[in-house]
Amino acid sequence: MDKEQNARVDGAEYMIEVDGLVKRYGQKYAVDDISFRVKRGEVVGFLGPNGAGKSTTINVITGFLSSTAGTVRVDGHDVLEEPTAAKRLIGYLPEQPPLYVDMTVDEYLNFAYELKGCEYNRKKHLDEVCSVTKIADVRGRLIKNLSKGYRQRVGIAQALVGNPPLIILDEPTVGLDPKQIIEVRSLIRALGENHTVLLSTHILSEVQTVCDRIVIINKGKIIADEKKEDIVRVAEDGRAYTAKICGPSREVTAMLRSRSGVRRVERTAERDGDAHVYVIESDPGVDIRKTLFFALAQNNWPLVGLEPVGENLEDVFIKLVDRSDVKKQGRERRRPVIDNSDIERKGE
Ligand code: ADP
Ligand code: MG
């Protein structure tokens, strides 16, 4: 796709600014006071379990849903105040792609072209979109006869029509087979080269392979918003090690448990020569490695191995979600109910 068409010298620093966004359905908070930003050119993963509030947030950003409170700006345009200007900048693939299955791919893309009021050379532009999304060979086919993988790419093609600088994809790989997933992910990666992308998913490996930054949402609250590498670090307080220690295991265990900063000590079934293998977890923010070394030396119990327990992003995600669930319990909500619904919708 043509980079020149995307270059905006006068654009805001942030492509998306979400501030204090609340969406309530009756008494239920689907989105509960969230704020995050997406910089121009960033590829951000919006990650959370089912029901976390991802689609609700995206539907507010794209102007398909009104909010209860808070503001959303797209490239500086408030989505309530200037919905048309905001929407023009967004290519959106909803969770359920709005495909007209009785149309051919070509008819559908032409329809999208007209709907968006595009002013590019139509043939050149649609050729380009089809080539990027690798659907050129099915342009004459009825959408209803396409595989789910092809349909999803047609959905993405529809989002690209008009060459909007911001692409928002809501769970684009749900229901695809592994090969199709790989194809769609590599397409998203390619889009990231010259678009700002917000990719919602409940699958961690998806954001891991594609995104620069991850915003994690759970039960309507943001529980992490970091660079990919930093999310791992964030979850590392309460860090665990496996330690190989020679010595009588009961005494070793008891001694370690008595030390401050040590949260948990378990002997595993594993052995290495005459050493037992333990899992030792520290309290948040405490580095127990030196304590361990001196305490064991004092007792003449050689420490013959020490390794951090490898935490992949998957473990971290589960841990962050669990932790936020615990925090939420018992917290009473006393909040004045604010409402955006009295803000008149302009410019529609
Ligand atoms: P996600 O996309 O992360 O799976 P959603 O944004 O679809 O989550 O939903 C967030 C929460 O809001 C869920 O608990 C869902 O049941 C609820 N919800 C979504 N839409 C509605 C609606 N129209 N009416 C009532 N509750 C809704
Ligand atoms: Mg959803």
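Trainee: Which residue of β4 is the bridge partner of E17?

Mentor: In β4, E17 has R73 as its bridge partner. Please bear in mind that the model is predicted. The strands concerned are β1 (residues 14–25) and β4 (residues 69–74), which pair in the antiparallel sense over 5 bridges.

Trainee: What joins β1 to β2, and how many residues lie between them?

Mentor: A hairpin is read from its pairing and its turn. The antiparallel strands β1 and β2 are joined by 9 bridges, and K23 finds its bridge partner in β2 at V31. The hairpin leaves 2 residues between the strands, and G26 in the turn has a positive phi of about 60°.

Trainee: Where else can I see a hairpin, and which turn residue has a positive phi there?

Mentor: Consider β9 (residues 213–218) and β10 (residues 221–227), an antiparallel pair joined by 6 bridges. One of these links connects I214 with E226 of β10. Again 2 residues separate the strands of the hairpin, and K219 in the turn has a positive phi of about 45°.

Trainee: How are α4 and α6 arranged, and at what angle do they pack?

Mentor: For a helix pair, one reads the angle, the distance between axes, and then the residues in contact. Helix α4 (residues 105–115) packs against helix α6 (residues 148–160) at an angle of about 25°, with the axes 9 Å apart. The angle is under 35 degrees, which means that α4 is roughly parallel to α6. The crossing of α4 past α6 is right-handed. On the α4 side the contact involves V105, Y108, L109 and A112, and on the α6 side V154, A157 and Q158. Of these residues, 6 are nonpolar, 1 is polar and none is charged.

Trainee: What does the contact of α6 with α7 contain, by class?

Mentor: Let us take the geometry before the classes. Helix α7 (residues 178–192) packs with α6 at about 15°, and the axes lie 10 Å apart; these helices are therefore roughly parallel to each other. The crossing of α6 past α7 is right-handed. From α6, the contact draws on K148, G149, Q152, R153 and I156; from α7, it draws on Q180, E183, V184 and L187. The classes are 3 nonpolar, 3 polar and 3 charged residues.

Trainee: What is the strand order of the sheet that contains β11?

Mentor: That open sheet of 4 strands has the order β12-β13-β11-β14, with antiparallel pairing. Its edge strands, β12 (262–272) and β14 (303–308), each pair on one side only. On average, neighbouring strands in this sheet are turned by 20° against each other, direction ignored. Within the sheet, β11 (residues 240–246) pairs with β13 (residues 275–282) in the antiparallel sense over 7 bridges; K244 has V277 of β13 as its bridge partner.

Trainee: Which strands does α10 touch, and which does α11 lie across?

Mentor: Helix α10 (residues 249–257) packs on the sheet, touching β11, β12 and β13, and its direction makes about 155° with that of β12. Helix α11 (residues 289–298) lies across β11, β13 and β14, and runs at about 165° to β14.

Conventions
Residues numbered from 1 in each chain as written. Chains lettered and ligands numbered in written order. Predicted model: local features only at pLDDT ≥ 70, side-chain atom pairs only at ≥ 80, totals over all residues. Pairing = 2+ DSSP bridges. Axes fitted to C-alpha atoms, helices over the stretch in contact; angles between N-to-C directions. Parallel < 35°, antiparallel > 145°, perpendicular 65-115°, else oblique. Left-handed = near helix turned anticlockwise from the far one by under 90°. Contact = placed C-beta atoms within 7 Å. Nonpolar A, V, L, I, M, F, W, Y, C, P; charged D, E, K, R; others polar.
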